[in-house]
Amino acid sequence: MIDFAPLWLTAELALITTVILLALSIPLAYWLAYSKSRFKAPIEAVVSLPLVLPPTVLGFYLLVAFSPQNEFGKFLENIFDLRLVFTFEGLIIASVLYSLPFMVHPLQSGFKNLPVSLKEAAFTLGKSKFKTLTKILLPNIKSSILTGIVLTFAHTVGEFGVVLMIGGSIPGETRVVSIAIYDEVQAMNYDAANVYAGILFSFTFLILIGVYFINNKFSKINPLND
Amino acid sequence: MIKFYAHKILQTADGKLPLDVSFHLEKGQFLSLYGNSGAGKTTLLRILTGLTEAEKSLIEVDGITWDNSEKRIHLPVQQRSIGFVFQDFALFPNLNVRENLEFALQKGKSKKLVDELLDLMELQSLQKSKPQNLSGGQKQRVALARAIIRKPKILLLDEPLSALDDEMRFKLQDYLLKAHQHYQLTTILISHHIPEIFKLSDKVIVLDKGLLVKEGTPAFVFSEEKISSKFKITGEIISIEKSDVIYIVSVLSGNNIVKVIATEDEVFTFQIGQKVLVASKAFNPLIQVIS
């Protein structure tokens, strides 16, 4: 019998990560799209780092940082009673960092592709930056938002190296699908691995079809949403 | 009453260029800004709007300081009473015509104003359309209505009529004039079209390379007083042909080609592509109605 716990755990992790990243990335992407600050380049580099860094490197540093043997880990444990190694909370933080560029980049290019005059027009009509963002800018980059959400979700579902380093494979806590597949293969349970892999494969494929379908529809309705 | 002074270094294709302009404008006046592209017209409007900050500036509108670089005053765009019609119209694609106007409406103001402007601009039948389904002239009217709806002290238009054909242009000039008078606006328009400037404005400022070179009524600014003539057109020389002892110079004015006879001495100073004034003094041209 197949254990469905890793599937639910993966879905939960991906969902929470996506929600946190969406809230975090809108202000960050807005700043990156419009700022002329000299700190922009280093911050862009930090955001993009997970794209090129081997996941094990990120996982290794997080493991070292969060370990209760080290100052930062000790501080978290003493002050907040929070342990981030080999826990679900730790996985969430690692996933947020690891999937950051997948949310920030689509949003940033969405903002950049909007004509500046839209933002300026709203300002001349007396609207605040916040109102301009929520009523004008975000509704006109719907397809970028959708792309960001889906890429982040799918990327979190697919992560392996970071999870393995910082979470290990504790059933019900950190044993997500990608880890479960690896474990089953190690144990020569090819059937179980096949089921997990099949579910992931079809799910990801369906999601991508859905995204392209909806995005094509968006760009038909509103040419700016391309 | 608007007092404007600004100094800003512009980055142009030919290097740095200082924009240094000062002018006064009375309430209710219609001012046109005229000049080559790159002369600093759009930047001037943006400084007045607050979208661009100048190095040195002193802007006062009805006794309120909008910009004062010495006292480090820079009123945010949102707090300036302006309506701005952008060159690309900048209509919000996620909102329909009516919603575009309602978005612009200040809090607590009656929605009647939306209907009033939809009527004035003859947009009632299009109020549910999205901007991307409108023609250029319709977008223009929506942009104008949206800029006016807050009853701004100053209406600014960044060359909004340039992309339209003549017929549409004439109609929109009428809408603009109607709005200017109906809402007692003080209006500043960027325009390259001299007939348009004559039709609309009380005052013209000619900018060249960042400096104010001429200022006054359209009649004063655009009449080259060297030749006092009864009939004149401006155009561009497109060909110079020799015919026996004389030369025939073809001048393109609008879509018409005018052939003018010239002597060898005169032709010597002409070049193809030159802008010229064709004037006739002794004859009275005939006017025939064609449409």
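The expected span of a helix is 1.5 Å times one less than its number of residues. Apply that to helix H4 of chain B, residues 136-148, in this predicted model. H4(B) has 13 residues, so at 1.5 Å a residue the helix should span 18 Å. Its end C-alpha atoms are 18 Å apart, which agrees.

Where does H4(B) sit? It is largely enclosed by the rest of the structure, because 11 of its 13 residues are buried. Buried here calls for 20 or more other C-beta atoms within 10 Å of a residue's own. The buried stretch includes charged side chains: Lys139(B), Arg141(B) and Arg146(B) are among its residues. Val142(B), Ala143(B), Leu144(B) and Ala145(B) are also among the buried residues. Around them, several elements of chain B pack against the buried residues of H4(B). Two are strands, E7 and E8 (154-157). The others are helices H2 (97-104), H3 (112-120) and H5.

Take H5(B) next. This helix covers residues 166-182, and its axis comes within 11 Å of the axis of H4(B). The two axes cross at roughly 10°. Angles under 35 degrees count as roughly parallel, so H4(B) and H5(B) are roughly parallel to each other. Which residues make the contact? From H4(B) come Gly137(B), Gln140(B), Arg141(B), Leu144(B) and Ile148(B). H5(B) contributes Met168(B), Leu172(B), Tyr175(B), Leu176(B) and Ala179(B). An α-helix has 3.6 residues a turn, so residues three or four places apart point the same way. By class, the H4(B)-H5(B) contact has 7 nonpolar, 2 polar and 1 charged residues.

Is Ser81(B) buried or partly exposed? It counts as partly exposed, because it has 14 C-beta neighbours inside 10 Å. Leaving aside neighbours within four places in sequence, Ser81(B) is in contact with Pro152(B) and Lys153(B). Trp66(B) is 15 residues from Ser81(B) along the chain, and their C-alpha atoms are separated by 9.9 Å.

Now step back to the whole of chain B. The chain is divided into domain 1 (2-222) and domain 2 (231-280). Taken over C-alpha atoms, the domain centres are 37 Å apart. Strand E14 of chain B covers residues 256-262, and Asn256(B) has its place there. Asn256(B) counts as exposed, because it has 9 C-beta neighbours inside 10 Å. Gly38(B) lies 218 residues from Asn256(B) in sequence. In space, C-alpha to C-alpha, Asn256(B) and Gly38(B) are 28 Å apart.

Turn to chain A. It holds 11 helices and 0 strands. Its C-alpha trace spans about 65 × 45 × 30 Å along the principal axes. Of its 226 residues, 36% count as buried. Among contacts in chain A with a separation of 6 or more, 73% join residues 24 or more positions apart.

The last stop is where the chains meet. In all, 18 residues of chain A are in contact with 17 residues of chain B. Helix H6 (116-124) and helix H7 (129-137) of chain A each supply at least two residues to the side that touches chain B. H6(A) gives the largest share, 6 residues. By class, this side of chain A divides into 9 nonpolar, 6 polar and 3 charged residues.

Definitions and conventions. Residues numbered from 1 in each chain as written. Chains lettered and ligands numbered in written order. Predicted model: local features only at pLDDT ≥ 70, side-chain atom pairs only at ≥ 80, totals over all residues. Axes fitted to C-alpha atoms, helices over the stretch in contact; angles between N-to-C directions. Helix = DSSP H or I, 4+ residues; strand = E, 2+ residues; numbered from the N terminus. Parallel < 35°, antiparallel > 145°, perpendicular 65-115°, else oblique. Contact = placed C-beta atoms within 7 Å. Buried ≥ 20, exposed ≤ 12 C-beta atoms within 10 Å, placed from the backbone. Domains from an automatic or database assignment.
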